Structure formats: C-alpha cells, structure tokens
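Good morning, and thank you for coming. Today I would like to walk through a few helices, and the contacts around them, in the structure shown here.

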Amino acid sequence: MLDKEIAYTFDRRSALFLTGGAVLTSVLILRMLQLQVFEYKKYKQLSLNNSSRIIIDPSMRGKILSSDGTSLAKDEAVYRAFIIPDECDDVSIVLKTISRELKLTEKEIEKILKKIETQRRFQPIIVRENIKWAQLATLKSLNLPGLHLEPGYSRKYPGGGLAAHVVGYVGTLDDSRTNQRVAATSPFLMTGLSGLEKVFNASLSGKPGQTITHTDAVGRIIEGDSENRVIAVPGKDLQTTLRQNVQKKMEEALAVHGSGCGVALECATGKIIAMASAPKFDANLFRSIDGADYIEGLRNNKLNPFMNKAIEGMYPPGSTFKIIVALAALESGAITKDEKIYCDGDWEYGKHLYHCWEKKGHGWMNMESALAHSCDIYFYQVALRIGINPIKSMAEKLGLGQKLLELLPREMVGVVPDREWKQKNIHAGWMHGDTIISGIGQGYILSNCLQLAIMAGRAATNREIMPSLIDNIDEKQDFKKLGLNPENIKTVMNGLARVTQEGGTAAGVSWIIKNMGGKTGTSQVRQISMAERLSGVKTNEELNWEQRNHGLFVGLAPIDNPKYSVAIIAEHSGSSGAAALAAAETMKEALKNG
Amino acid sequence: MARTIRISRAENMSLNERFSRFSWPLFAMMCLILLLSIISLYSAGLPTCGPDVTASCEGFGGWHPYALSQMAKMGIGFVLFFIAAFANIKLWLKNSYLIYFVGLVLVVLVTFVGHTGMGAQRWLNLGFFHIQPSEFIKIALVMALARYFAWENSIDLSKFKNYLIPVAMLVLPLGLIVVQPDLGTAVSLGLITIGFFWIVGAHRKWFIIAGILTVLAAPAVWFGGLHDYQRERVITFVNPDHDPSGAGYQINQSKIAFGSGGLVGKGYLAGTQSHLSFLPENQTDFIFAMFGEELGFIGGFVLVLIYSIIIGMLFWFAKTSKNRFGQLLCFGFMLNFFVYYFINIAMVLGLMPTVGVPLPLMSFGGSSLLSLMFGFGLVQNAHINKDQQLSAKGS
C-alpha cells in the first residue's frame, strides 16, 4: 500500500493538474468556437479567395526526336481556357457566353457540364486547349469570373502517334506518387506515364515555375508577386535512334495485318531504327473531349493496344530458331554443311511420329536447302544429334533468354530451356522429344521480337551487338567478337539468302525487295493431338482467330553484307506470309537512303 | 546500499485474471482515435486511378500514400501494445533504465548520423525503417522517472542532490534534442519532468528557483540557443502577418482551413483548403486543421472530448494505483499525452508557435504511433496490476 502521506501529496498536488488541464482544454474549445463559429464568415471568405494562390507555370517539355531530327513528341505553346466552377455564378451561362467564340458544340457543353458534376467544384476544367490570339483578346475582354486563360503547353505526337509504344505518353498524374498532390490539383502539369516519356521524365520535364498571386473576392488574379516567382526551366530534348520513315513504313505494314510487332536495327551498331507494335494508340486523342471513351475502347480491345509487343510479347520463335540450331550444329562439328538428310514428311523416333510441315516431304536436304525450305525433319535430327546444351548456349550467345535493352518497362526475358529448367519449372525430366521439337523452335522456347532481330544481327556480324534506342553520339560501342567460324556463318547466310529466292519459303517477297535474306517461321499457339492429326488437322483458316499460328519473319538486308536486321511477328496470321511482307517493306524503306 | 525489487503476487496472476482487469473502455477510446486517424488519412490521401491512367483523376481521398501505410504501422503498434500490457510488470520495472538508456543512445545516434528533414535532424535510418528517437525518448523518460521516484520513500526530497539524477535524465536527451533542433519535443520533455517533480511533492521553493533561472536564461536562449527559423516562428506567432508567404503561411493557412469549416464542416473529403495544397503537411502535424475543415466544430469537439476522456481515465488509473511505479507510470503518460495533444491543437489553432509536434494517434508517422501504443500498453499493465504490492525499496 502507498504511504498515506504520499497518497495525500498526490491528491493535493494533482488538483492543480486537473484544474490546469480543464482550463487549457476550455481554451482550446473556446478558440475552436471563435474560429469556426464566431469568425466563420471571415475564414469562409478567406478560403474562397485564398489570397495566396500558387499558379504553376508548366515548363516546356523536351522533344523526343527521331534520328533524322523530326519530332516524335513535342510541346506546343498554347493558350488554354479553363473554368473553375466554384468561381462562376452560373457555369452554363459562362459556357454559353464563350461558346460562340470557341465554337463549342451543344454536345461538348453537355459533356463539360457532366464532367463538372463528377469532380470537385474548385477543380479547374479545361474547355479548350488551343486558343487563337483573336479569340484570346475577345475572351479576355469578357472578363468573366471563373473563366481563366493561361499560357501553357500541350503535348503533341506528330504522325498520329508514331512509335507510340516506344515514345509513350504523358498524363496529369505522377506515377511515382510523390507529387500527386500538386498534380491532382494542377491539371496542366504533365508527367510521363509510359515509354520514354516515363523513363526520361526527369530530364524531359525540366522544372515547372510558380508564381504566387493575389486574388480578389471572386478569385480573379490581381497581380503576380514577382518576388516569389520561380522561373520555369525547360526540359532537355531526347535523341532516339528511330528513323522516322522506317518506323512509319513498319507501322503501316503491321497495320495491314492488324496485330503484331516488329523491330528493325542497324547490325553494326545495334541502333534500333524501328520498333512497332500493332494495334497502336494515338496519345493525341487521350486529352480530347472524347478521350475517356477512346481510352476505354483501347483498354477493352483484346488485341492489347497498350502493350509494346516488341519487347513485352513472348512468342515461340518457331522456325526462325533454325538459324540458332544450324549454327550450333555446324560449330559443334556434328554435321557438315554438305551432309544430307532425307525428308519424306514424317520421321519416327522412339514411339513418336514427327511431322514436317511439308506433308509430302522435301527429299534429300543439306544445311542450305534445309534452311531455304525450312525442313523440319532435317532439324529434328540435327537437334537430336547435338543435344539441347549446345543449342541453349548458342541461343544465349545470340541474345535469347535475356533482357537486351533494359530501358523500357516490362521487357521480357523469355525462356531457353534445358534439363534443369524443365525440372525446376515443369517438374519433369527432359525427354529426347523435348530436344527434337526444340530443333524447330517449339516446345518451351519463348522469345520476343527484339531478341530475334538481335539474333539475326549477331549471326550476321559475328559480334555480340546490343540494341540501343537512345543516341549517344559520344558513346562509341565496340562489341565483343562472338568467335563463330566465318565459314559456318557463310553457310547459314547462303541458306537465308535462298529463303527469299525461287523455291524458298518466302519467295514472294522478291516482288518487293531483291537483296533481303531471312527465315520464316510459324509458331503453334495450340497443341495438335494425335487423334486430331488422324482425323485431319484443321487448316488455320478453319480455326478460331486466337488459335491460329503466329507468323514470324527474321530478315537481313542486303544479305551479302547485312546492314540491317529485322524481325516481324504477325499474331495469329496462320502463316509467315504477312510477316515476311512487312519485313520486306521495312527493309526496302531502310535501304532507300542509307 | 543494494537495491532490490520486491514484487509479491504479481507473478501469480493468470492471463485470464489479467484480461479481466484489462481496461476495455480505455482500449476502446484508443481504437476510436486510431479509426478517426485512418478516416482522416484516407481523406489526405490521393485517389487511385489504376496503374496506367491517362485521364485526370477525379475526387479526393485514397488509401495511398498515408492510410494504408499507417494501418500497417498500427498492426505493429497493436503487437507492441499487447506485449506492453500483458507482460509481467516486473519486466518493465526492472528494465526501465535500460529502455531509457537505449532511447538515449538512439537520440545520440540521430544527432550525429541522422537524416535531416525540414531543417532539423530527426530521423534515424534503420535500413527498412526511419525512426524518430525523440518520440521514443518521451515514453522512455516517463518510465525512467517513474522508476526513480518509486524509491521515493528513501529519497529525501528536500535535499538538492536527490534531484541530480532525474534532472540528468532530462538534460541528457534535452541537450541533444535542442541541438537537432526539435523545439516541440524539448518543451514536452521539460514539461513532463516538471510535472513529475510537482506530483512527487518537491518543495515549492525549487519551482520558484527554477522559474527565476528560466526568466534569467531566456535572453541567452533567444539570442544564442535558437535557430533562425525557430526565432522566426516565434516572431511569426506573435504577428502572423509578419511574413504571410513564409513562416506565417502555415499558421494563416491552418487557421483559414480550420475556421472555414464552420459548425458542421465542409463534409468528409470535401475540404478545399487541405486538398488544394494551401495547407501543407495536412497528414502529419496539421491533420487537425483538415479534420476541423471537413468535420467542423462538432467533429473537432468530439475529438477533443475523446482526448479529454482518455486523460481522465489515465488520471483515474494513477489515482487508484496502489503501487507507486504504476501510479507514476500512468501519471507520466497522462502528462505526456496531454502535452502532446495540447501543443499540437494549440499550434493548429494559432495559439502557439509551430513547433512540430504530431497529434497523438492521429498524425501520420510510425515513431509517434508506436511509442504511444506502447505507452498505452504500459498504462494498461499498470492498471491490471494496480492492486499489487509492487514496491521497489532501498534495503
């Protein structure tokens, strides 16, 4: 028990605390009453025209340039009209007053009014982004409360969003969520949300300035406080390696088929001259009055317009993988370029029957002709002869199974399987059949379009070239030698040259371009069962669209001394024809001048 | 003179018995404020618009970046709370000095290797977590002082030398915290210690002497001890229009936000001042301004009422405790809690200079929350053991 005296002291002295606490708490409550009840009107008024409003002056965002100096993204200085509903006496009257000058349609006014209902009354809403000088003068003379006219910048993507997936787009919200508070209240502050716009946001965006202004009772700006002005610093331009004309051609060619992707690059430097994904989007439309519907439409499009399929899409490389198998086999010495293997359309191994795409068979095939005709039987047997390990190491040497660009988000690694991989991921032992189908790029192998373009470029140059998208003039890359036997490379190149000649699997492209070599490929999207094969395999035309094979083409031009490599994937095109055509169009454009 | 701790029966109390003595009303009040905190931090948060949004976001409020994060910290806080509440009270009595010492080491560390924020060095980076040792030391000081004065029977309070240890307990962290500089914490620590001296029955003459010394030292502190920005704050406090865009900005904006809330407020998530960035730091020190703007006088009054009820309960715990350690623990925590919340609200209402003290259990931030929840656990423990003979006497 406590000492009586201690308890007494506690009681006596704590009385002071209780009294003090009660007094102090009352002070707080009285002060709250004073501010919120007695002086409410004063503070309400002050809050309405909060006298120190900070106006953000957006900085001019740097351009994103193609290698030939044309803009892929640029800021245009505009005057924009926006209204703050809270400051208007009647929003619809304000809109009606300015509608004639700004040529607002009834539908637009309706949309703006609807939007106002969904957001807070003090949030600005843009009425028009691009105001002409004559309009500006007239609007200013109207002096309407709640109508604001401010200079700013509008992001434009010339060419309807050329290289949209690479360039990306800007929006009003900072993804990093550090400046969201500012961003959310200042709809004119743009920040990169995707692609290069996002990756290089810091250097592109510069530093926005700000002016602290005083406003009158209805929120109109009286004067700028020059002492507290921070001048905006414009952003830096970004020089890419993309060639505008090649990019455009590739996109047009892909658009014909509708869904797919492509990469073209300079073999010696690894500079990406075109990278496209279809369908694409036009970021110019995002901020238009119908922007929300447009975006919604894109999001619901099952062809994934927002995905940069060139690096994010994973596909079995199909027969384009035969380039790797051929080099692996020749380097290992397990087969010479002249040794012949007979193809009669089927080949039985173990208890399994393997089929060539050509049912009636190719006859006797050597390395060059097997590449030219894409003979499956030949490559099944070659793969089995050398085993999976040399194939895997050649695939990795040529750029598969790794991130190459490491610049844009969501670049995929892909899969180059071997024994350990299968044990770990499929929990099953490696079978001979796995090696056999790897010979034609099926099974577990997955790659993206960029990897395939690099694969062709590395095979052609015998160097470990790496892709680049940003042009650093000072940075001269000297790529490591791969050390492959030049004779073997020559054999493969001869094979690739024959692919586009009479009798090759892509002979049709010679109508467009003469000196391109390459390799066709189709990759199965579904497994064909034995029962189905017996009852007659459905042709691709009979299948549902999503079940059709992807068509691929990997090309090099000019094939006798490759300057550019290209990889095209036409999703669910059934055969490789569409991809080969797109590759041909792209290469023709690339070789046009330079 | 060997000192031992004698605890009778305390060890024998079963967990069930402890539960039955646990104060559910105090627990409920604590949880109520935590709930209000989540509600407010949601309002201070930002709308989520999906990862790849291109259209501007509409409306305000969101789980990011504050509410969700704070809820996670509350989870840790509850663990600390229950440990503090249901561990054997002997553990806390025995280790009071050790905990104080750890707190002191952290304060020393932060002074020399801490991170700087808002012009003051207050953060210690633990790799995964930034902590603010000045928040922990507030609870640790209460524990150490309670432990010290629990020996009161053998301490002759009329002798000057017996004040040296508790004064040292205050001055060691205080000196470092003033250097950081963290005026808010320094004032809180000082007030807690003075309160302790008063309640244990120190003679009035000491208070008079200390008062005179303070008045004499004030000019020296003003010109030599305060940072420019702190002087600025005090000047601004006296005259907020002194520099309306600089130091006075916060006070003015805080008053405007709070005052414009009126009797019933502008409505949840509808505070214009807070959301339009006029009001800085509306998730931490100025959360009460946003609270008042959105929920008005009624909302603010209810919050103050809840705080007052908690203070009342803590006082009652202290008064009914039959052992000195528990009594002083509850009393010290009450002082700490009161000083905390009073300074913060007075600051938001423009009654005090801005000194950077969070609103207890409401403001965003982990260190303050965890320390307080640990403190609430301690007073629960003291309440559970209030009838125990928990004497720590010199023998």
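Let me begin with helix α21 of chain A, whose buried residues are Asn488(A), Thr491(A), Val492(A), Met493(A), Gly495(A), Leu496(A), Ala497(A), Arg498(A) and Val499(A). Please keep in mind that the model is predicted. Against which elements do the buried residues of α21(A) pack? They pack against the helices α14, α15 (367-373) and α20, and against the strands β17 (517-523) and β18 (550-557), of chain A. As for its length, α21(A) has 14 residues and reaches 20 Å from its first C-alpha to its last, close to the 20 Å expected at 1.5 Å a residue.

Two of those partners also pack against one another. Helix α14 of chain A, residues 322-332, and helix α20 of chain A, residues 449-461, have axes 10 Å apart at an angle of about 35 degrees. Their crossing is left-handed. On the side of α14(A), the contact is made by Ile323(A), Ile324(A) and Leu327(A), and α20(A) contributes Met455(A), Ala456(A) and Ala459(A). By class, this contact has six nonpolar residues, no polar and no charged.

Let us now look at the loop between α20 and α21 of chain A, where Gln477(A) is found. Is Gln477(A) buried, exposed or partly exposed? Because 13 other C-beta atoms lie within 10 Å, Gln477(A) is partly exposed. Leaving aside residues up to four places away in sequence, Gln477(A) touches Thr269(A) and Gly270(A). The C-alpha atom of Gln477(A) is separated by 9.0 Å from that of Met466(A), which is 11 residues apart from it along the chain.

I turn next to chain B. Helix α5, residues 133-149, and helix α14, residues 366-384, both of chain B, have axes that come within 8 Å and cross at roughly 15 degrees. Angles under 35 degrees count as roughly parallel, so α5(B) is roughly parallel to α14(B). The crossing of these two helices is right-handed. Here Glu135(B), Phe136(B), Lys138(B) and Ile139(B) of α5(B) meet Ser367(B), Ser368(B), Ser371(B), Phe374(B) and Gly375(B) of α14(B). The contact of α5(B) with α14(B) comprises three nonpolar, four polar and two charged residues.

Finally, consider helix α6 of chain B, residues 164-179. At 1.5 Å a residue, its 16 residues should span 22 Å, and this agrees with the 22 Å between its end C-alpha atoms. Among the buried residues of α6(B) are Pro166(B), Met169(B), Leu170(B) and Pro173(B).

Technical notes: Residues are numbered from 1 along each chain as its sequence is written. Chains are lettered from A and ligands numbered from 1 in the order in which they are written. This is a predicted model: local features need pLDDT of at least 70, side-chain atom pairs count only at pLDDT 80 or more; totals for chains, interfaces and linings use all residues. Axes are lines fitted to C-alpha atoms, for helices over the stretch in contact, and angles run from 0 to 180 degrees between N-to-C directions. Helices (H or I, at least four residues) and strands (E, at least two) are DSSP runs, numbered from the N terminus. Angles under 35 degrees count as roughly parallel, over 145 as roughly antiparallel, 65 to 115 as roughly perpendicular and the rest as oblique. A crossing is left-handed if the near helix is turned anticlockwise from the far one by less than a right angle, and right-handed if clockwise. Two residues are in contact if their C-beta atoms, placed from the backbone, lie within 7 Å. Ala, Val, Leu, Ile, Met, Phe, Trp, Tyr, Cys and Pro count as nonpolar, Asp, Glu, Lys and Arg as charged, and the others, Gly among them, as polar. The expected span of a helix is 1.5 Å times one less than its number of residues. A residue is buried if 20 or more other C-beta atoms lie within 10 Å of its own, exposed if 12 or fewer, and partly exposed in between; C-beta atoms are placed from the backbone.
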